[in-house]
Amino acid sequence: MTSTGDPAADTGALDAAFAETVRRTGASIGALYLLGPDEQVLCMDVLCGAPADFAAPWTRVPLAAPAPVADAVREERMVWLGSQEQMARSYPRTAMALPYPLALVAAPVTGVRCWGTLLLMWPATRPPHMTRREQGHIASSCRRLARLLEEAFEHGKPLPRGGPPRVLPTSTGHRLATQAMAAADFAERLPGGSCALDLQGHFTYLSDSACDLLGRSAGQLLGTLPWQSLRWLDEPPYEERYRAAVISREPVAFTACRPPDRWLDFHLYPDASGISVRIVPTGAQSLPWSAPHQLPDTTPPARAGRLYQLTHLAAALTEVVGVQDVVDLVADQIMPAFSAQGLVLSTAEAGRLRITGHRGYDPEIIERLDGLSLDTSFTPAGRAMDSGTPEFFSDTEEMRRASPEAPRISDKQAWAFLPLIISGRPVGICILSYDRPHVFPAEERAVMASLAGLIAQALDRARLYDTKHELAHGLQQALLPRALPVVAGLRVAARYLPATRGMDIGGDFYDVLRLGDNAAAAVIGDVQGHNVAAAALMGQVRTGVHAHAALGTAPGSVLSRTNRLLIDLAPDLFTSCLYAHFDFVGGRVTLASAGHPPPLLRLPGHGTRPLDVTPGPLLGIDPDAEFPGTEIPLTPGLMLAFYTDGLIETPGVDLDDAIAGLAGLLTQADDRDLDRLVDDLLDKARTTGQRTDDIALLVLRHGGDEPATRAGRAATVADHGADGAGAADGVARTGSAGGRRDPHRRTGGTPPRGRHGTPGEPGAG
């Protein structure tokens, strides 16, 4: 079965189901967000009950953002906010951008997979609690939407994601002409003036009395926005009242002065189809909610919508971390806010402009623009950075007069060059461009200039963070083993996952040591902290353990000597450590612990249990500490799992229960492929979300019954996509297959066997 190829046919069923959901739930506003192709951004696909420009700041929401629509997908739950107060407590950034009395729910649209989020909003007059029946209706609607999305995908026509949202009209029912005329006569008989606005704010009806009070004819006003056709209403507080009526669906009122001195009271009554407005002259007694005054008639102030966008974007810029986060935020939120089609974000490095991010340009154009000198005259960028003043070009003719060569670079028709300046120091430039000529009003220029300062601050912080992160991450990767050694009779797989908060580094480490032909050692540890000092100390601990283990020292003595080394270094950081010595000739494993979580022991036919290893104190505390050894038989099929506390510590969960849960997962795991076992273990332990601690996991299996493997038989980057398996979940991997190394997966194994099973003989595999 194939699709019709008609986009309307592909979206019609989805739009109808979405509109029916909004109607049945009684919501005043609804929106459907779909995950973008990279599944890192939620894109608004359909909107109902509000104009598109209201939703401009939220058309693209990063999945990691602290927002209800993102949490619904990320945490796979329905997010209900019954009041503005609850929203302010749970989502202060969202509440700051939506300061209206309302209730909302964000529910994941999930079927075979998660497609996105359904967002519904109600006036604050609805009950602050959602009943089980309402929750069931919304969940059922989400499943229906998911089925429609899956059917479209299966028919080879997945719905487009990432473009501007479709705005569905609100059904108001059919009215006969005679009824319309009767309604108009009714409005004319009322005292004062009557008019109507649609949800976008345009005049759709004006009585004769309203035209008299406003001082304009119906022909001059119909189809226009009040704050554009009536300049004396062009003040943010008045548009804000209109926005409040649309979003909250509650009546609002304000008083305004029609020049020179006539005060008028406006009463707005909204519903799902638009707003009815009553206009009456202000009486001798002023209304309690009004504080009438007239702003100086100079440059028109910024629109209320722009002010909210600026507030929202400013809050978002305070949360970005790295340079790529800044680029993504500018592209995903600032570009749509100003209806731009192109972006070039450059940083000043060594006297040149290096492009750090772009949208809407061919790679050949970016290559031509990358590396221009700071004083370039090829484009206005150099002049704007030198003066620190934004430059705006509404069409190619204006650009040609300033920089004759610039219009020929691309097919763009209008540009805004926004220098990024901090304390007089240029850090870069942000260029927004348009596919058609674009006039830049004074208010838009002011908002862009304000945002440029915020972008500059965010970009400077992000560059500093990226520099520190690269140094620390490079240090940590250099200290972790690049590959695990080949140990006869022992199969090994390991993973490291950095914390998702902080500097994305930590002090967890592991290693496997080959001690001649008949012995091996394994170690895992956790240095306190998640910073450069922790990573550096981790390297010192690992080196100390390695040096003492290579001498054939007993496990307890290895930890004792490493402990004294740390005390001599006086790092003011403590370290937990678990060390195991494998004696293949004697058939035993000896373990010693320095305050580390107990290893898990799995035996064929006996399940999995925590191994009772008598722990000593943490390393770096007591120079005379002792670390007793625990010995167990090294039997065929024996499996040991070493891990750090980041894998088991969860707020509100007892530590023993968490260890028992991990043991249960290991019991059920298939041990034929240790790499898959480790990945499944981490996945089922729910380590793919936000992590406040890093995680190390080392699994070792002894026995001669498993098939021979080569050392470092790790999946390459190509096996996990362009960025490797760690791209989405932060899993550190290394491998050597195909000559390419995936730096986060470590595996070791039995040496390859030849045709007759002789270790190391050619012809294996």
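In which loop is the place of Asp-411?

Tutor: Asp-411 sits in the loop between α15 (396–402) and β17 (414–422). Helices (H or I, at least four residues) and strands (E, at least two) are DSSP runs, numbered from the N terminus. The model is predicted: local features need pLDDT of at least 70, side-chain atom pairs count only at pLDDT 80 or more, and totals for chains, interfaces and linings use all residues. Residues are numbered from 1 along each chain as its sequence is written, and side-chain values use heavy atoms, with hydrogens and water left out.

Asp-411 is exposed, at a relative accessible area of 58%. Buried means under 20% relative accessible area, exposed over 50%, and partly exposed in between (1.4 Å probe, protein chains only). Areas come from the Shrake-Rupley method.

Asp-411 belongs to a surface patch of negative charge, together with Asp-362, Glu-364, Glu-367 and Asp-370. Patches take residues with over 30% relative accessible area and no salt bridge; like charges are joined within 9 Å, and nonpolar side chains (Val, Leu, Ile, Met, Phe, Trp, Tyr) within 5 Å. Asp and Glu count as negative, Lys and Arg as positive; His and the chain ends are not counted. Each charge is placed at NZ of Lys, CZ of Arg, CG of Asp or CD of Glu.

Now the paired charges. Side chains of opposite charge can pair when their charged atoms come close. The structure holds 24 salt bridges. The criterion is a side-chain nitrogen of Lys or Arg within 4 Å of a carboxyl oxygen of Asp or Glu.

One of them joins Glu-391 to Arg-383, at 2.9 Å from N to O. Glu-391 is buried, at 16% relative accessibility. Arg-383 is partly exposed, at 37%.

Arg-231 pairs with Asp-234, the closest N and O atoms being 2.9 Å apart. Arg-231 is partly exposed at 48%. Asp-234 is buried at 7%.

Asp-671 and Arg-602 also form a salt bridge, at 3.5 Å from N to O. This pair links distant parts of the chain, 69 residues apart: Asp-671 is in the loop between α19 (655–668) and α20 (674–684), Arg-602 in strand β24 (residues 600–603). Both Asp-671 and Arg-602 are buried. Elsewhere, salt bridges with shared partners join Asp-15, Asp-45 and Arg-166 into one network.

How values were computed. Areas by Shrake-Rupley, 256 points an atom, 1.4 Å probe, with all protein chains shown as cover.
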